[in-house]
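Student: Could you walk me through this structure, one piece at a time? I have not looked at it before.

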Amino acid sequence: MPTLMPFPENLRVHPKQKPNGFTLVELLVVLAIMSLAAVLFIGASGNSSGVDKKTEIVELESAIAFTRKTAILQATTKELDMAPYAVSLTPQLGESKKLIFYADGSSNGGVIAADSKRLFTVRWIDGAINR
């Protein structure tokens with residue numbers, strides 16, 4: 001019959017002795033609460049104005065690219081009004097305050113600015129955007 005080895009004394013937990021440290025569940029709960037607080041704080045701080053401006057610039061660039069491609073595909077002249085985007089256009093060619101794309105992909109070009117700050121330019125020769 002096999003003999004049983006006695007359980008080592010140094011590994012026994014005595015009923016009066018409390019375990020040291022935190023459990024994994026306790027650490028995860030604290031981490032979840034801190035993450036939630038950080039998300040709420042960032043959302044409440046109102047730091048979304050920079051994100052809104054970047055989104056508006058991306059939308060404007062997409063509208064410019066779409067208008068240029070439409071002009072090329074339809075072999076006609078297309079205009080893009082800058083008023084809905086709260087930006088100003090200083091044209092390179094002509095006096096129009098609208099961005100004009102021609103059938104060959106060229107445009108009247110110009111500098112696109114917001115709040116007197118240059119965002120990017122549209123080249124007149126090929127309608128490409130330069131940052």
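Student: What does the side chain of Asn108 reach at 3.0 Å?

Tutor: The side chain of Asn108 reaches the backbone oxygen of Lys98 at that distance of 3.0 Å, where a polar contact is a pair of N or O atoms within 3.5 Å, and within protein one must be able to donate a hydrogen and the other to accept it, while residues adjacent in sequence count only if both atoms are side-chain atoms. Please keep in mind that this is a predicted model, in which local features need pLDDT of at least 70 and side-chain atom pairs count only at pLDDT 80 or more, while totals for chains, interfaces and linings use all residues. Residues are numbered from 1 along each chain as its sequence is written, and side-chain values use heavy atoms, with hydrogens and water left out.

Student: Where is Asn108 found, and is Asn108 buried or exposed?

Tutor: Asn108 is found in the loop between strand S3 (98-101) and strand S4 (110-114), with strands being DSSP runs of E of at least two residues and helices runs of H or I of at least four, numbered from the N terminus. Asn108 is buried, with a relative accessible area of 2%; buried means under 20%, exposed over 50% and partly exposed in between, using a 1.4 Å probe and protein chains only.

Student: And what does Trp124 touch?

Tutor: Leaving out residues up to four places away in sequence, Trp124 touches Gln92, Leu93, Ser106, Ser107, Asn108 and Gly109, where contact means heavy atoms within 4.5 Å. Trp124 has its place in the loop between S5 and S6 and is partly exposed, with a relative accessible area of 42%. The C-alpha atoms of Trp124 and Ser107 are separated by 4.6 Å, although the two are 17 residues apart along the chain.

Student: New topic: what is the order of the strands in the open sheet?

Tutor: The open sheet of four strands runs S2-S4-S5-S6, with antiparallel pairing, and two strands pair if DSSP finds at least two bridges between them. Strand S2 (88-91) and strand S6 (129-130) stand at the edges with a single partner strand each, so one side of each is left without a neighbour in the sheet.

Student: How many bridges join S5 and S6?

Tutor: Strand S5 (residues 117-122) pairs with S6 over two bridges, in the antiparallel sense, and Thr121 stands opposite Asn130 in S6.
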